[in-house]
Amino acid sequence: MNIALIAHDEKKEELLKFVEEYKDEFARHQLFATGTTGMKINELTDLPIHRFKSGPLGGDQEIGARIANQELDAVFFFRDPLTAQPHEPDVSALVRLGDVYNIPMATNIGSAKILIKGIIRGDLDHV
Ligand SMILES: O=C(CO)COP(=O)(O)O
């Protein structure tokens with residue numbers, strides 16, 4: 001599966017911990033990320049990961065374009081709901097496209113755990 005991983009700054013530690021915990025599963029998939037998130041994941045886990053631009057510099061839009069082209073199967077986007085983002089329109093656009101194309105998207109650690117467990121079980125294999 002093609003999986004995108006994205007986290008706002010205040011949520012990066014949480015995403016990193018999550019990816020490390022499920023590293024063996026993530027290693028089975030093609031991973032994509034916004035710039036800084038991808039760099040940190042790669043540094044921590046050594047997992048190969050295709051990095052787009054940093055979110056505020058267009059990375060969210062690049063991932064949105066992949067969704068629109070139906071090239072992503074699942075998205076983990078740990079959003080920070082308590083901090084204003086300079087690129088909020090891009091954030092909304094990414095989430096919106098996920099809804100347009102019915103892409104399974106976890107936006108917090110609670111839903112992320114459910115989504116990764118579904119991926120491990122193969123729930124998404126025939127979607
Ligand atoms: O801003 C982001 C998502 O909206 C994430 O971008 P970075 O991974 O480059 O920090």
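Start by selecting Asp60: it counts as buried because 27 C-beta neighbours lie inside 10 Å (buried means 20 or more other C-beta atoms within 10 Å, exposed 12 or fewer, partly exposed in between, with C-beta atoms placed from the backbone). Before you go on, note that this is a predicted model, where local features need pLDDT of at least 70, side-chain atom pairs count only at pLDDT 80 or more, and totals for chains, interfaces and linings use all residues. Residues are numbered from 1 along each chain as its sequence is written.

Asp60 sits in helix H4, residues 59-68 (helices are DSSP runs of at least four residues, strands of at least two). Beyond neighbours within four places in sequence, Asp60 is in contact with Thr34, Gly55, His87, Asp90, Val91 and Leu94 (C-beta atoms within 7 Å).

Next, select the residues around the ligand: Ile6, His8, Thr34, Gly35, Thr36, Thr37, Ser54, Gly55, Pro56, Gly59, Asp60 and Val91 (C-beta atom within 6 Å of it). Helix H3 (35-45) and H4 each supply at least two residues of this shell, and the largest share, three residues, comes from H3.

Now show the strands. You will find an open sheet of five, ordered E3-E2-E1-E4-E5, with parallel pairing (at least two DSSP bridges between two strands). Its edge strands are E3 (50-51) and E5 (105-106), each pairing on one side only. Finally, zoom in on E2 (residues 30-33), which two bridges join to E3; Phe32 stands opposite His50 in E3.

Conventions
Contact = placed C-beta atoms within 7 Å.
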